[in-house]
Amino acid sequence: QLLVNQDRIKVELEKLKETYDSQQQKLEEKVIAMGKELQEAKGAIGDTQHKLAEQSAVLLTSQSQLQEVEAENSRLQLQLKQLNQEYRSRLAQYIKDVADYMDSKPSSVAGPSKATADRAPMKRFVDSMLKDIRASYKSREEQLATAARGYKKRMKNLVKKHENLLIAYGLQREQIRSLGSSAMDCGPAELHFSITDPELLTNTTRELNRLREDKAKLEMQLHELQKVLAGVLAFCSRETGRQQLDAGGWAELRKQLREFTHTTQEDLEQERSWLLTRAVVAEEQVSELQEYIDKHLAR
């Protein structure tokens, strides 16, 4: 029977060989096409990274130029203040010289009225006027300085309240995440509500923003790991014929994730407490220095 069917078997083997060769050729073509797509993707990634590097360089240059412009603006403001003081003193001196000149002219009044005319009324009038001007300038400067100090104090209080609200918001997000499921929306991260105005940012606030950025990155990584783990568990469930993981497995998984999150949050909170302590000490020193300047600089 094998001898009789030998020709048919050879024909089937030839067909199988042809099928295998065609499939092998198709696979090779697919591999070549995927290789080309991979090279194109690598090229696109390289171009994107190159553009990103260029944009980062432009951003750094712009930030440097902005700092230079701010420093130049401060220098020009100080120069303008000095010029105003100089012109003010020159104007006062010119007015005094005019008053002395007017008082030094010989009076045309004769008799008893000459003694009254010799009392330099122009000089007294100019001295009184300059005294009033200096008093008004001093009052206005004190008023502006008091308003500026009050504004800075209010802004500091607002920044502190904002930081306290961010801390409470972060704790609330952690409580919601620990009580609910991973699919529950806990709101955006604290970094989304952080202060970005450079004039209001202190060194402590910048460090806290950096820590919040790190925490947001860790949360994103944790979310991605949870998605990957859910996919792996679903695949394992399909392979083993189970539709879902048992309650004990999910409880253990949630426990491990909570421990990981709690450890990370505890480290960040310790570092934040240490930074806040440093900030309080620094603010007390700045307040003492400001009080010393306010009391002794005018004198």
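**Cavities and overall fold**

By class, the second largest cavity is lined by four nonpolar, three polar and three charged residues; Ala, Val, Leu, Ile, Met, Phe, Trp, Tyr, Cys and Pro count as nonpolar, Asp, Glu, Lys and Arg as charged, and the others, Gly among them, as polar. The model is a predicted one, in which local features need pLDDT of at least 70, side-chain atom pairs count only at pLDDT 80 or more, and totals for chains, interfaces and linings use all residues. Residues are numbered from 1 along each chain as its sequence is written, and side-chain values use heavy atoms, with hydrogens and water left out.

The volume of this second cavity is about 80 Å³. Its lining includes Glu174, Lys215, Phe260 and Gln265. Both α4 and α5 give two or more residues to that lining, and α5 supplies the largest share, five residues.

Turning to the largest cavity, its space amounts to about 200 Å³. Among its 13 lining residues, Glu190, Arg212, Lys215, Glu269 and Arg272 are the closest to its centre. At least two lining residues come from each of α3 (121-179), α4 (203-240) and α5 (247-296). Six of the lining residues are nonpolar, two polar and five charged.

Finally, the fold. The protein has five helices and zero strands, where helices are DSSP runs of H or I with at least four residues, and strands are E runs of at least two. Of the 299 residues, 13% are buried, meaning under 20% relative accessible area with a 1.4 Å probe, protein chains only.

Note on methods. Buried < 20%, exposed > 50% of the residue type's maximum accessible area, 1.4 Å probe, protein only. 1 Å grid on protein atoms, 1.4 Å probe; cavity = no way out; pocket = protein on both sides within 12 Å on 5 of 7 lines; lining within 4 Å. Points joined across faces, edges and corners; volume = space filled by probe spheres on them.
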